[in-house]
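This briefing goes through one protein chain from overall figures to a single side chain. The sequence and structure come first, followed by the points grouped by topic.

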Amino acid sequence: MLFRSNFSSITWDNSGSSYGADVSLIGQDITIKAASALSFGATSAAGKLTVVAAGDITDNGAIVVLGNTNMNAGTYTINLDYAGRRFVGTVVMAAASVKY
């Protein structure tokens with residue numbers, strides 16, 4: 001699933017949402033919440049990236065964030081191991097296990 005907003009912010013903050021496929025987002029500030037695991041495809045935020053998931057957070061595409069990044073997977077894991085990822089600003093990740 002690709003959503004492109006280029007110069008605008010993207011806010012998907014319904015904590016009851018689930019995404020069955022890789023989510024690829026392109027925008028300024030990006031906020032996304034998920035009621036289950038969340039897998040990113042190629043994603044680019046010119047500003048900040050905020051992610052809250054009630055499941056594992058993973059990547060199958062490069063994530064590039066020019067601002068601050070905040071990810072929270074609660075008692076689940078964050079595993080961001082796709083080559084080409086780049087976090088420029090401050091990175092805060094909360095999970096039972098974090099790899100990036």
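**Surface and overall build**

The chain exposes about 5,000 Å², of which carbon and sulfur atoms supply 49%. The model is a predicted one. Its chain holds 14 strands and 0 helices, and the radius of gyration is 12 Å, close to the 13 Å given by the globule rule for 100 residues, so the chain is as compact as a globular protein of that length.

**Dimensions, burial and contacts**

- The C-alpha trace spans about 35 × 25 × 20 Å along its principal axes.
- Of the chain's 100 residues, 34% count as buried.
- Take the contacts between residues at least 6 apart in sequence: 2% of them join residues at least 24 apart.

**Charge**

- The side chains include 6 positive and 6 negative ones.
- The centres of these two sets lie 7 Å apart.

**Order of elements**

- Read from the N terminus on, the elements run β-β-β-β-β-β-β-β-β-β-β-β-β-β.

**Strand β7 and its two partners**

- Strand β7 covers residues 49-53.
- On one side, β7 pairs with strand β4 (residues 30-34) in the parallel sense, over 5 bridges.
- Within this pairing of β4 and β7, K33 stands opposite V52.
- Strand β10 (residues 69-72) is also joined to β7, by 4 bridges, and these two strands run parallel.
- M71 in β10 is the bridge partner of V51.

**Faces of β7**

- In a regular strand, side chains alternate between the two faces of the sheet.
- In β7 the covered face consists of L49, V51 and A53.
- The uncovered face of β7 has T50 and V52.

**T69 in β10**

- T69 lies in strand β10.
- Is T69 buried or exposed? T69 is buried, because its relative accessible area is 3% and the cut-off for buried is under 20%.
- Leaving aside residues up to four places away in sequence, T69 touches L49, F87, T90, V91 and V92.

Notes
Residues numbered from 1 in each chain as written. Predicted model: local features only at pLDDT ≥ 70, side-chain atom pairs only at ≥ 80, totals over all residues. Heavy atoms only, no water. Rg over C-alpha atoms; globule rule 2.2 N^0.38 Å. Buried < 20%, exposed > 50% of the residue type's maximum accessible area, 1.4 Å probe, protein only. Contact = heavy atoms within 4.5 Å. Areas by Shrake-Rupley, 256 points an atom, 1.4 Å probe, with all protein chains shown as cover. Lys, Arg positive; Asp, Glu negative; His and termini not counted. Charge placed at Lys NZ, Arg CZ, Asp CG, Glu CD. Pairing = 2+ DSSP bridges.
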